[in-house]
Amino acid sequence: MQRLLTPETIKEIRASLSMTQAELAALVSVERNTVARWEMGLHYPVGRRATLLLREFHRIRRANRKVERG
């Protein structure tokens, strides 16, 4: 079973993309309120597209951190 993205991780992904909740919502085809609920830990990404995109953003973010550290 794959680990759920935490609210903190979702906030971090959005911040690293310099996006508002509305912009991220549009990107992953959900409502802005859905992104807000994810970030508050009230709901978790469950749609295939949203989940895959968020996981990919997280993977890229982690890879970028490794490069930045050397």
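Predicted model: local features only at pLDDT ≥ 70, side-chain atom pairs only at ≥ 80, totals over all residues.
Along the sequence the pattern reads α-α-α-α. The chain is as compact as a globular protein of its length, because its radius of gyration of 12 Å is close to the 11 Å that the globule rule gives for 70 residues. That radius is taken over C-alpha atoms, and the rule is 2.2 Å times the number of residues to the power 0.38.

Values for the protein chain are as follows.

| Property | Value |
|---|---|
| Box filled by C-alpha atoms, along the principal axes | roughly 40 × 30 × 20 Å |
| Accessible surface (Shrake-Rupley method, 1.4 Å probe) | about 5,000 Å² |
| Distance between the mean positions of the 14 positive and 7 negative charges | 5 Å |

Carbon and sulfur atoms hold 53% of the accessible surface. Of the 70 residues, 29% are buried, meaning under 20% relative accessible area with a 1.4 Å probe, protein chains only. Among contacts (heavy atoms within 4.5 Å) with a separation of 6 or more, 51% join residues 24 or more positions apart.

Gln21 is in helix H2, residues 21-27. Its side chain makes a polar contact (a pair of N or O atoms within 3.5 Å, one able to donate a hydrogen and the other to accept it) with the side chain of Glu39 at 2.8 Å. Leaving aside residues up to four places away in sequence, Gln21 touches Arg14, Arg32, Val35, Ala36 and Glu39.

Residues are numbered from 1 along each chain as its sequence is written, and side-chain values use heavy atoms, without hydrogens and water. Local features need pLDDT of at least 70 and side-chain atom pairs count only at pLDDT 80 or more, while totals for chains, interfaces and linings use all residues.

Notes:
Helix = DSSP H or I, 4+ residues; strand = E, 2+ residues; numbered from the N terminus. Buried < 20%, exposed > 50% of the residue type's maximum accessible area, 1.4 Å probe, protein only. Lys, Arg positive; Asp, Glu negative; His and termini not counted. Charge placed at Lys NZ, Arg CZ, Asp CG, Glu CD.
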